[in-house]
Amino acid sequence: MSDHEQQPAPRRGKVLEALARAERKVFTRPAPKSAKDQVKFLLTRTKGSTKALAERLGVSRRTVERYRAGTLTTPHKRLRAALVEETESEWQPQVRAQAREQAATSSGMMVDVTAYFGFTCTGSSDDGRERTITTAISPTYAKQILDLQEAGATEEELHPIVTQAITESYFTEWGTCADGLRADFTQVLRIDFRF
């Protein structure tokens, strides 16, 4: 496969990208930045197999070998994005695992979201509108979200649990008000998570 026959990199949704950004923020050392260093690091993860790495990146083995040797230094946009994503997904797995474990068992996560929220409730209704919300998500919901992410859930599969966590934390204040309220977000404009 030549560099010109590559498939476009799949786009992650805003929730999945926000979870990935939250993990990157817990790194204790910066991930490799140059293409050569990224390829060298990723080769350690594939036990030195240029073939396996080439398949992961969607390029030829020869391209991987050229970046490892330093004869190619400036990857095109799609390859650059793939190198960054693959490197960061493999970087400091123990640090990420500790942050995920802490979020799922004791600290939960913070979510900062701007989205269009629609509501249904017994007796009254609020028209859906854009809201910016910052709230804490309990460890129970954090665990569910992180487990779904790890299982390869899609953006659409994550939306209901994230919405439920925000509804319970922000709108119903853990069941102390707005009994029976159900919120859905229809369009996420911006979202960030913090461990």
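**Exercise 1. The whole chain**

What percentage of the 195 residues in the chain is made up by buried residues?

*Solution.* Begin with the ground rules. This is a predicted model, where local features need pLDDT of at least 70, side-chain atom pairs count only at pLDDT 80 or more, and totals for chains, interfaces and linings use all residues. Residues are numbered from 1 along each chain as its sequence is written, and side-chain values use heavy atoms, without hydrogens and water.

Step 1: Buried means under 20% relative accessible area, exposed over 50%, and partly exposed in between (1.4 Å probe, protein chains only).

Step 2: read the value. Buried residues make up 43% of the 195 residues.

Step 3: The chain has eight helices and three strands. Helices (H or I, at least four residues) and strands (E, at least two) are DSSP runs, numbered from the N terminus. Along the sequence the pattern is α-α-α-α-α-α-β-β-α-α-β.

**Exercise 2. The aromatic pairs**

Find how many aromatic pairs the whole structure holds, and classify them.

*Solution.* Step 1: set the rule. Rings of Phe, Tyr and Trp (its six-membered ring) pair if their centres lie within 6.5 Å; planes under 30 degrees apart are stacked, over 60 edge-to-face, and the rest tilted.

Step 1: search. Two pairs turn up.

Step 2: take F41 and W91. Their ring centres are 5.1 Å apart and their planes are at 70°, so this pair is edge-to-face. F41 sits in helix 2 (residues 35–45), and W91 in the loop between helix 5 (77–90) and helix 6 (93–107). F41 is buried at 13% relative accessibility. W91 is buried too, at 9%.

Step 3: take Y170 and F171. The centres are 5.0 Å apart and the planes at 90°, so this pair is also edge-to-face. Y170 is partly exposed at 36%, whereas F171 is buried at 12%.

**Exercise 3. Around helix 2**

Which helices do the buried residues of helix 2 pack against?

*Solution.* Step 1: list the residues. The buried ones are A35, Q38, V39, F41, L42 and L43.

Step 1: name the partners. They pack against helix 3 (50–57), helix 4 (61–69) and helix 5. Contact means heavy atoms within 4.5 Å.

Step 2: look past the end. Just after helix 2, K47 takes a positive phi of about 55°.

**Exercise 4. T163**

Is T163 buried or exposed?

*Solution.* Step 1: locate T163 in helix 8 (residues 155–171).

Step 1: check its area. At 3% relative accessible area, T163 is buried.

Step 2: list its contacts. Leaving aside neighbours within four places in sequence, T163 touches A183, D184 and F185.
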